[in-house]
Amino acid sequence: MLDCAWFETDKTFIDGEWVKPLSGVRIDIENPSDGEIIGEIACGSKADIDCAVDAAKASMAGEWGCMPADERGRILLAISRSVERRLKELARLESIDVGKPLRQSMADAVALARYMEFYGGAADKISGQTLPFKHGYTVYTLREPHGVTAHIIPWNYPMQIIGRSIGAALAAGNACVLKPSEEACLTALAFADIAREAGLPHGALNVVPGLGEDAGAALAAHPSVSHISFTGSLDAGRKIQSMAAENVVPVTLELGGKSPQILFADADLDAALPFLVGAGIQNAGQTCSASSRILVEDSLFGEVLEKMACRYAELAAGPALRDLDLGPLISRRQRDVVDSYIRLGGDLEIAAKGKIAPGSPERGHYVEPTLFAETRPDHVLAQEEIFGPIQNLIPFRDEDEAVAIANGTGYGLVAGIWTRDGARQMRLARKIEAGQVYINNYGAGGGIELPFGGIGKSGHGREKGFEALYGFTRLKTVAACHV
Ligand code: NAD
């Protein structure tokens with residue numbers, strides 16, 4: 001069983017207190033590495049969400065809402081330092097809960113601390129403008145918080161998404177209600193405790209675990225919520241956007257992707273290789289910005305296939321705490337989805353597979369990482385987000401064809417371009433339809449300072465960096481006539 005003496009896993013966190021879910025219902029926590037049930041979380045419902053939103057609203061009218069920006073910033077910096085003191089514990093929790101290899105969980109915990117540091121430092125640097133206008137007027141803009149903000153997040157990167165979403169919202173002076181995924185809540189609850197200890201006033205952050213269609217929908221539809229930040233699947237995103245429309249509130253949607261890496265014949269293949277494979281298998285492929293499509297210029301195709309296949313043959317999936325190349329998938333359901341896609345690729349040649357490490361528990365949700373050889377761009381495996389350790393190689397003839405394939409899925413989250421030709425780098429950076437484009441790298445190391453988000457089916461709105469801060473404010477124009 002789980003040993004988490006420092007916070008309460010089976011309660012909601014509302015108004016600075018651990019509270020039993022009003023329904024009394026709990027959800028099992030499964031360790032995806034071995035299928036064991038290791039504890040319970042609260043299954044919050046509409047009634048719990050109502051309490052959390054009330055607490056958030058009260059905090060905006062109280063200490064938190066009146067707090068000067070520099071003090072808010074200092075609290076976020078204190079949270080950052082507390083997260084740093086607990087990196088190992090947080091990483092272990094995330095590995096047990098999500099199945100991530102330990103070093104990935106550690107990177108996520110470090111990112112959480114860094115988000116709090118970045119947004120802590122930025123809190124007192126959010127300002128409006130004075131605007132030139134007619135004689136006799138002074139005109140300026142104010143950036144004000146929205147008020148109560150809803151944060152509905154998935155299971156694949158809880159700590160990173162809490163960092164970018166809650167960090168930016170608090171820095172801008174909002175109160176938050178966080179609905180973590182029913183499949184991974186532990187670090188969200190741990191974070192709430194850390195924030196309280198670090199001095200965050202009661203009600204500024206509330207956490208209600210629960211099911212999406214129940215607690216999640218109640219939060220998104222709540223009339224006192226003034227902004228919704230959603231990260232998750234396209235289907236749920238569509239529903240959330242309709243709920244936001246009903247209440248006429250802004251919504252940020254961070255959805256999935258089918259992100260390409262495009263390799264031209266002049267690319268530095270040795271530099272590219274770790275990114276080609278790494279961006280497909282990180283977090284067992286359960287990454288919104290996973291690079292699931294590898295587009296390769298014809299003349300380089302054979303060499304890339306051979307080198308990636310060699311790397312795949314060495315990959316091993318196993319229990320998160322053994323810290324191998326990959327952990328398990330989050331759940332049996334997710335493994336079934338991935339298995340069904342592998343079957344849909346039955347008409348394709350498999351270039352190579354990794355292995356499940358000997359000794360991995362039978363009841364863990366492991367799949368062998370799989371690299372498919374030449375794949376048509378319109379094949380279902382090259383069109384749909386799979387969310388598993390699967391990559392497809394797609395050959396192309398020339399630049400125009402590469403761009404057409406890269407832009408041909410309706411998604412547009414991120415893309416990588418590998419070429420030494422400077423003019424081509426600049427041309428493609430403009431032609432590729434994605435929220436982030438990387439040239440001769442992939443992912444920019446997670447870059448918390450860099451605005452991130454999608455276009456098309458990958459969503460809209462930007463998180464990370466200063467853009468996120470602006471998104472968590474509403475702009476007011478004041479026009480004072482003094483003649
Ligand atoms: P999901 O959409 O099933 O769930 C995400 C969250 O939404 C969970 O908290 C869930 O409880 C809640 N939810 C589900 N249905 C809801 C509803 N009807 N109303 C309100 N809330 C609801 O997604 P998932 O399976 O947890 O996560 C995987 C997806 O997230 C993938 O598609 C992935 O690409 C995406 N993702 C995107 C980013 C990004 O930054 N773009 C980052 C991580 C994950």
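A nonpolar core is a set of buried Ala, Val, Leu, Ile, Met, Phe, Trp, Tyr and Cys residues joined through side-chain atoms within 4.5 Å, where buried means under 20% relative accessible area, exposed over 50% and partly exposed in between, with a 1.4 Å probe and protein chains only. The model shown is predicted: local features need pLDDT of at least 70 and side-chain atom pairs count only at pLDDT 80 or more, while totals for chains, interfaces and linings use all residues. Residues are numbered from 1 along each chain as its sequence is written, and side-chain values use heavy atoms, with hydrogens and water left out.

**View 1. The largest nonpolar core has 89 residues.** Ile-79, Val-83, Tyr-119, Phe-191, Leu-205 and Ile-228 touch the most other members. Helix 5 (residues 102–122) supplies the largest share of this core, nine residues; helices (H or I, at least four residues) and strands (E, at least two) are DSSP runs numbered from the N terminus. Another core, of 35 residues, lies apart from it and includes Phe-301, Leu-315, Leu-348 and Leu-381.

**View 2. Surroundings of Ile-228.** Beyond its neighbours within four places in sequence, Ile-228 is in contact (heavy atoms within 4.5 Å) with Ala-150, Ala-220, Ile-240, Ala-244, Val-249, Pro-250, Val-251 and Thr-252.

View 3. Two strands pair if DSSP finds at least two bridges between them. Strand 10 (residues 227–231) runs parallel to strand 11 and is joined to it by four bridges, with Thr-231 opposite Glu-254. Together with helix 9 (residues 234–247), these two strands make a right-handed β-α-β unit; right-handed means that, with the strands pointing away from the viewer, the path from the first strand over the helix to the second runs clockwise. Strand 21 (residues 459–460) is antiparallel to strand 11, through two bridges, and its Gly-459 is the bridge partner of Glu-254.

**View 4. An open sheet of three strands in the order 5-6-22.** The pairing is antiparallel. Strand 5 (130–131) and strand 22 (473–481) each have a single partner strand and stand at the edges, so one side of each is left without a neighbour in the sheet. Nine bridges connect strand 6 (residues 137–145) with strand 22, and Glu-144 stands opposite Arg-474.

**View 5. The aromatic pair Phe-7 and Trp-18.** Rings of Phe, Tyr and Trp (its six-membered ring) pair if their centres lie within 6.5 Å; planes under 30 degrees apart count as stacked, over 60 as edge-to-face and the rest as tilted. The whole structure holds 11 aromatic pairs. In this one the centres are 6.4 Å apart and the planes at 35°, so the pair is tilted. Phe-7 lies in the segment before strand 1 (12–14) and Trp-18 in strand 2 (residues 17–19); both residues are buried.

**View 6. Charges over rings.** A charge sits over a ring if NZ of Lys or CZ of Arg is within 6 Å of the ring centre and within 35 degrees of the ring normal. Arg-424 lies over the face of Phe-264, at 4.0 Å from the ring centre. For Lys-464 over Phe-452, the distance to the centre is 4.6 Å.
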